Amino acid sequence: MKRSLQFLYPNKSTGLDGIGPKILKICGDSIVTPITFIINKCISEGVFPDSFKTASVIPLHKNGSKLDPNNNRPISILPTLSKIFERHISTQLLSFLTKHNVIESNQSGFRKSHSCCTALIYLINKWLKDVDDGKYVGAVFLDLKKAFDLVDHDVLDLHNFSTSALHLIKSYIYERSQLVKIGDVHSDVRKLKSGVPQGSILGLILFLIYINDMSSFIQNSSIVDLYIMLMIPLFTNQDMM
């Protein structure tokens, strides 16, 4: 936990609790013990604190008219202590998923030794080989719009987790809330019925789990590669006959 405090970025935004990363980093030696105790207690009881589950959402303009709300990407500003907690859980969760080979091998996002580059190298090599073999190659690209908001809490498949771990993850995703903040003005707090926070750490891992079985719905003769929001089924001329 001390390492997590040392590597905080002082200039990162502060959540609604008003406790910024700079003060946590400065006071790291004094607060590491109580923070470690609190987090370990939450893990053992399977509870993610409610005070960590309210996000301040800042709309980040992507493109197009600034008057159209759909042209903004929502970035969730979470309490810094929440991110420390999330990072600790994510490390343990990734270790579990890797050890038990839960994540499909064709998932290139947010996995060690995998990246967008490795996904592209694999696909391009496959395409070139099929073309050299005289085959036709087709590709379908699927981009999930507002992907993180699509995570359905009720169908998220948590693979053989222990009871305490299952309670902790469910406590993390349920009963979340957010408000939208622009400058000094903010909206009312609203409860969230689906999705994981855009900008969270644990949310990325849960999204990987959520889309993990997408490739099982593709024919065996096709090749699928996933990169967070990208699924590419490939088929050859034999598949079209």
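A residue counts as buried when its relative accessible area is under 20%. In this predicted model, Phe85 has a relative accessibility of 0% and is therefore buried.

**Aromatic pairs**

The structure contains 3 aromatic pairs. In one of them, the ring centres of Phe48 and Phe85 lie 5.0 Å apart with the planes at 20 degrees, so this pair is stacked. Phe48 sits in the loop between helix H3 (28–45) and strand S1 (54–61), and Phe85 belongs to helix H4 (residues 80–99); the pair therefore ties together parts that are 37 residues apart in sequence.

Phe48 also pairs with Tyr172, here in an edge-to-face arrangement with 4.9 Å from centre to centre and 90 degrees between the planes. One aromatic cluster is formed by Phe48, Phe52, Phe85 and Tyr172.

| Residue | Relative accessible area | Class |
|---|---|---|
| Phe48 | 0% | buried |
| Phe85 | 0% | buried |
| Tyr172 | 1% | buried |

**Charged surface**

Lys62, Arg73, Lys145 and Lys146 make up a positive surface patch. Of these residues, Arg73 is located in strand S2 (residues 72–77). The relative accessible area of Arg73 is 36%.

Methods
Residues numbered from 1 in each chain as written. Predicted model: local features only at pLDDT ≥ 70, side-chain atom pairs only at ≥ 80, totals over all residues. Heavy atoms only, no water. Patch = residues over 30% accessible without salt bridge, like charges linked within 9 Å, V, L, I, M, F, W, Y side chains within 5 Å. Areas by Shrake-Rupley, 256 points an atom, 1.4 Å probe, with all protein chains shown as cover. Salt bridge = Lys/Arg side-chain N within 4 Å of Asp/Glu carboxyl O. Lys, Arg positive; Asp, Glu negative; His and termini not counted. Charge placed at Lys NZ, Arg CZ, Asp CG, Glu CD. Helix = DSSP H or I, 4+ residues; strand = E, 2+ residues; numbered from the N terminus. Buried < 20%, exposed > 50% of the residue type's maximum accessible area, 1.4 Å probe, protein only. Phe/Tyr/Trp six-rings, centres within 6.5 Å; stacked < 30°, edge-to-face > 60°.
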